[in-house]
Amino acid sequence: MKKHYKWLVIIFIVILSLSLRIYAANNLQIDADESVYVNSGLEYAKYIRENEWKWLAWSNTNFEHPALNKIIYGFALLLEEPIDKLFDKDVQSYTPIQATEGRPWIMVGRYGSVIFGTLAIFVLSFINPLAGFLLGIDTLNIQYTSVMYIEALPLLTSLCSVVAYLNFITSFDQQKRPQYFYWLILSAIFLGMSAASKYIYSIVGFPILFHFILWMIKKKYRTKVITYIFTWGMLSIVVFTVCNPYLWPHPIERLTESLLFHVSYSSSVSVTQFDFPFWQPLKWFTAPIASLFPSTPSAFIFKCDLLITIFALLGLPKLFQKYRLYFMWLIIGIGILLIWPTKWPQYTQIIIVPYCLSAAMGISTLINLGKNLFLRYNRSIHKTRGAS
């Protein structure tokens, strides 16, 4: 695809994706956890407004999740009328956003999610425009990048971590020094930010690590090259700690407490009452999210989720051949989703990028198959005419 045509396609994809998310943000009902995140954001906004910066570290509200995304919400909420808290009646779950008293504050967070979600589509569109388009119309992604959740930012940063790492690999192979150092540093920064937004998004570090080891073996680089990935890992931990002020007062104790919450939560009544099967994460991909939650009115114009899933399955061999790291990301992510007892639909976002890239590979496979069949048909026609 010529460069200027590619830019036009990307601009179209971004405008479409942004429009779909703005529409969804203004039409989706209040989602279950939005009251939690808006109040966390309001608390941080209060501390920022009053210059009580130490409380960014000492606050333990919603301690089960890292602080970065919620602090960003806090800065965004400075644009709205200052209030201390929204009560349940103001942000009642599954009520229309237009009829909710807390709408102005919720919408600030929703628009923040829209921006980060659309930026992720912008980045993916550079890798593969068709994958960016599929991510743009996927209803699971529209849902969780249009509500005030903590998915959109780590979705973006985890993708950026992979992109930066792959640029490091390319630059290193071409001996473009010091560029490859910069790319490796960027990858570590984005990985740390991902973990500091929501722990589960740090899983992208595992496929990067495995890819690095395989690359080092294939290229027969000396083992001292492993110091690069060690530095990358250490830097990502530093960034994670810096971007998560909750850990500053008592890092080990608070990190342990936060992580153990998720272990105990996975066996709580809040989770077990749904009795989801272990393969439930795969089911989330098979239908538009509005059909999975009938109580939520549709805020989605396109509903192609099942079709995208079929394409993703067809595209796995080509994803393995052409985008090896993204294939690892998808397989490792699916494995973690199947093993982890908590099966909420928002967790699917940790693999939504390689999933959509695989779907793009599936469409490409079908197109190539169609071309080959057409060429064979034409050849057979010509042979028949020649023989006659």
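User: Is Gln-175 buried or exposed?
Analyst: This is a predicted model, in which local features need pLDDT of at least 70, side-chain atom pairs count only at pLDDT 80 or more, and totals for chains, interfaces and linings use all residues. Residues are numbered from 1 along each chain as its sequence is written, and side-chain values use heavy atoms, with hydrogens and water left out. Buried means under 20% relative accessible area, exposed over 50%, and partly exposed in between (1.4 Å probe, protein chains only). Because its relative accessible area is 52%, Gln-175 is exposed.

User: What is phi of Gln-175, and where does the residue lie?
Analyst: Gln-175 is a residue other than glycine with a positive phi, near 55°. Helices (H or I, at least four residues) and strands (E, at least two) are DSSP runs, numbered from the N terminus. On that numbering, Gln-175 lies in the loop between H8 and H9.

User: Where is Tyr-94 found, and what is its relative accessibility?
Analyst: Tyr-94 has a positive phi of about 65° although it is not a glycine. Its place is the loop between helix H4 (68–76) and helix H5 (103–127). Tyr-94 counts as partly exposed because its relative accessibility is 42%.

User: How is the aromatic pair of Phe-274 and Phe-276 classed?
Analyst: Rings of Phe, Tyr and Trp (its six-membered ring) pair if their centres lie within 6.5 Å; planes under 30 degrees apart count as stacked, over 60 as edge-to-face and the rest as tilted. By this rule the count comes to 31 aromatic pairs. For Phe-274 and Phe-276, the centres are 5.5 Å apart and the planes 10° apart, and the pair is stacked.

User: How is the pair of Phe-320 and Phe-327 classed?
Analyst: The ring centres of Phe-320 and Phe-327 are 5.1 Å apart. Their planes stand at 80°, so the pair is edge-to-face.

User: Which residue lies over the face of Phe-320?
Analyst: A charge sits over a ring if NZ of Lys or CZ of Arg is within 6 Å of the ring centre and within 35 degrees of the ring normal. At 3.9 Å from the ring centre of Phe-320, the residue over its face is Arg-324.

User: Which helix supplies the largest share of the lining of the largest pocket?
Analyst: On a 1 Å grid over the protein atoms alone, a pocket is an open set of points where a 1.4 Å probe fits, with protein on both sides within 12 Å along at least five of seven lines; lining residues have an atom within 4 Å of a point. The largest pocket has 33 lining residues, and among those closest to its centre are Asp-33 and Trp-344. Helices giving at least two residues include helix H2 (34–49) and helix H12 (251–265). The largest share, five residues, comes from H2.

User: Which helix gives the most to the lining of the second largest pocket?
Analyst: This pocket is lined by 18 residues, with Leu-191 and Ser-236 among the closest to its centre. Elements that give two or more residues include helix H9 (179–197) and helix H11 (226–242). With eight residues, the helix that gives the most is H11.
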